[in-house]
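Here are my notes on the model, as numbered points. Please read them with the structure open.

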Amino acid sequence: MSVSVEDSSIVGTLVPAPRAVENGEIAALLDRLADLLEIEGANPFRVRAYRTAARTVRDLPGSIAALVAEDRDLAELPGIGHDLAGKLVEIVESGRFPALEEARAQVPSGLVDLLELPGVGPKRAKALYEELGITTMDELAAALRAGRVHGRHGFGETTERKLLHELERRTKPERRSMLAEVEPTAQALVSHLSGARGVRRTVVAGSYRRRRETVRDLDVLVTASDPTAATERLLSFAEVEEVLAHGSTRSTVRLGSGLQVDLRVVKEESYGAALCYFTGSVAHSVAVRRLAQRAGLKLNEYGVFHGDERLGGRTEREVFRLVGLPYIAPELRENRGEVDAALRHRLPHLVREQDVRGDLRVHSSAGDRQGLRGLANAARDRGYEYVAIADRTPAAGGRSHRALREQLDGIERLNDELRGHPLLLASAEVEILEDGSLDLPERLLRRLDLTVCAVHTGFALSRRRQTDRVLRAIESPYFTILAHPTGRLVGDEPRYDLDLERVIELVHEHGGFVELDARPGRLDLSDVHCKLAKERGVGVAISTGAASRADLAVMRFGVDQARRGWLERTDVLNTRPVAELRRLIARS
DNA sequence: GCCGTTTTCGGCCCGACTGTTTTCAGTCG
């Protein structure tokens, strides 16, 4: 999620914010201040403190505004001390952030954009501003063309050429790509590199391996006896458009799609250490390295060392063991408490795709042209024990009542025939109307095994009305699962405003469930919200909302996200055997 | 600006690559 700091209504105003300020907005302000301080040349550790705090705030499942309202001590949060706690309270209560206003007075805000350019960091940005008065990308482009940058300290001919090339190439800001979009490239790259002479292992690390919902680049790790052969091999990959850096053990290229690929080559004996290092996240790596340091060890991408003695690093397990930790799954490596949990041997046993026994939201079109029978076959082919057929209700442009009745009859007939191989569950993706009532008459609701309730209309409601709407639906005796709870699209702003914490609390009270929409462009709930649901004791259903047979396969992206949200098999509703599932969704 | 089982000061992760430096700073991940 990106928040436009410049447009934010909470900066530079004394008027109380009309709504509670979101964590994402606060985090963006802290990051912006860190950028400005960096350009100013402030103490780098102070800059880091703001970045750490931004991260803490962004990753927090509950809202800072709510903590402030409850008068909780924010200094208890990791990376937030007395000083920052006070600043956060001021942001929430008055909408003001004086430290940021002061920094803005020193450094024009537009300079921060320049940091996006490869090769431009805080020092060069500052030099461009102080020596040439440049504050924007456009001004930089103009200065380069006019030769005004030429001969300036730190700007050689190559740098000039690269910057101009970059400015002309980029017409819009770089966007992160969705995980599912880059998978084919990642796989093609791995098989291409694996063909190089002397290459033993090839693995895509980075956020791709952590299964983040979006990735900015692909970090590829290779072990090889001959590093040069491997880096040369990367350059021969057909999709390479531009070589950005090319060294003996490390190369960076840009593909035609705009995706950047970083390749690192290490010796086989360093595979584990390098894989830890390149899988990250940076915050996780720093936390682990700090542990190593405290134990008198040094950890880098080549191994674990005690003085000059190399203790190991061939496998990740060995690296973790040497620093006193059990193995931590890549999906957890975000420094969101996993190192602490590992130390206390309290890591979750993460849910796996093979634990999934069914899909609890599938549209009848997923049977392709073979109707319900085709759908049942598709589910059985995936090894599912059950599948819930959940077409939308009329208010969301779905089936008429009559068509739904006929479908329910069809499900009963087919179940008689299939005898539970698999079991078709009668459901509907029931629109929650603006007044919070469910968009089906009781006589139909009564015939359903479960409901999957959702918001597809009336996005513009205020936070209070939207929340009340959903809360009322949860109180319905026919409510089972809240589908795609926040309406988010990956990489976008939320489309409607909802107090998810209250919603989850009420779902817990009524014994219902929340959904994780597995589609790679949705992944709604987010990882952080999955963790919130788990912490509040609410089970999560991972569902695909598949509209075609092929869509059923997106389940794995949902499982990836669930793992990032610390979910275990027992936290996921659709890992339950049929009998148990029936009991859990039965209406009291 | 944060943090503490070598605590309230003095630390704060670490190495590769590039370009311009004439021995290393800036940037990046």
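Predicted model: local features only at pLDDT ≥ 70, side-chain atom pairs only at ≥ 80, totals over all residues.

Which helix and strands do the buried residues of H12 pack against?

1. **Helix H12, the buried face.** H12 covers residues 227-235. Its buried residues are Pro227, Ala230, Thr231, Arg233 and Leu234. Viewed down the axis of H12, these residues fall within an arc of 150 degrees, so they line one face of the helix.

2. **What H12 packs against.** The helix in question is H10 (179-194). The strands are S2 (199-204), S4 (217-224), S5 (240-246), S6 (250-255) and S7 (260-266). The next points take up the sheet that these strands build.

3. **The five-stranded sheet.** The order is S2-S4-S7-S6-S5, in an open sheet with mixed pairing. S2 and S5 are the edge strands, each pairing on one side only. From one strand to the next, the twist averages 20 degrees. H10 packs on this sheet and touches S2, S4, S6 and S7. The direction of H10 makes about 170 degrees with that of S2. Helix H13 (residues 271-279) also packs on the sheet, touching S2, S4 and S7. The direction of H13 makes about 175 degrees with that of S4.

4. **Strand S4 and its two neighbours.** How many of the eight residues of S4 are buried? Seven are, and the strand is mostly covered. On one side, S4 is joined to S2 by five bridges, and the two run antiparallel. There, Thr202 stands opposite Val222 of S4. Towards S7, S4 makes seven bridges, and this pair runs parallel. Thr223 faces Val266 of S7.

5. S6 and S7 pair in the antiparallel sense over five bridges. The bridge partner of Arg254 in S7 is Gln260. S6 also pairs with S5, again antiparallel and over five bridges. His246 has Ser251 of S6 as its bridge partner. A hairpin of three residues links S5 to S6.

6. **Is S5 covered or in the open?** Of its seven residues, the number buried is zero, so S5 lies largely in the open.

7. **A three-stranded sheet.** Three strands form another open sheet, in the order S8-S9-S10, with antiparallel pairing. Its edge strands are S8 (298-300) and S10 (309-312), each pairing on one side only. The twist here averages 35 degrees from one strand to the next. S8 and S9 (residues 303-306) run antiparallel and are joined by three bridges. Asn300 stands opposite Gly303 in S9.

8. **The H20 and H21 pair.** Two packed helices are described by the angle between their axes and the distance between the axes. For H20 (residues 463-474) and H21 (residues 500-509), the axes come within 10 Å and cross at roughly 10 degrees. Angles under 35 degrees count as roughly parallel, and H20 and H21 are therefore roughly parallel to each other. On the H20 side, the residues in contact are Thr467, Val470, Leu471 and Ile474. They meet Arg502, Val503, Leu506 and Val507 in H21.

9. **Asn377.** This residue lies in helix H17 (residues 371-381). Why is Asn377 classed as partly exposed? Its count of other C-beta atoms within 10 Å is 16. A residue is buried if that count is 20 or more and exposed if it is 12 or fewer, so a count in between is partly exposed. Asn377 and Glu25 are 352 residues apart along the chain, and their C-alpha atoms are separated by 47 Å.

Notes
Residues numbered from 1 in each chain as written. Chains lettered and ligands numbered in written order. Helix = DSSP H or I, 4+ residues; strand = E, 2+ residues; numbered from the N terminus. Arc of directions from axis to C-beta. Contact = placed C-beta atoms within 7 Å. Pairing = 2+ DSSP bridges. Axes fitted to C-alpha atoms, helices over the stretch in contact; angles between N-to-C directions. Parallel < 35°, antiparallel > 145°, perpendicular 65-115°, else oblique.
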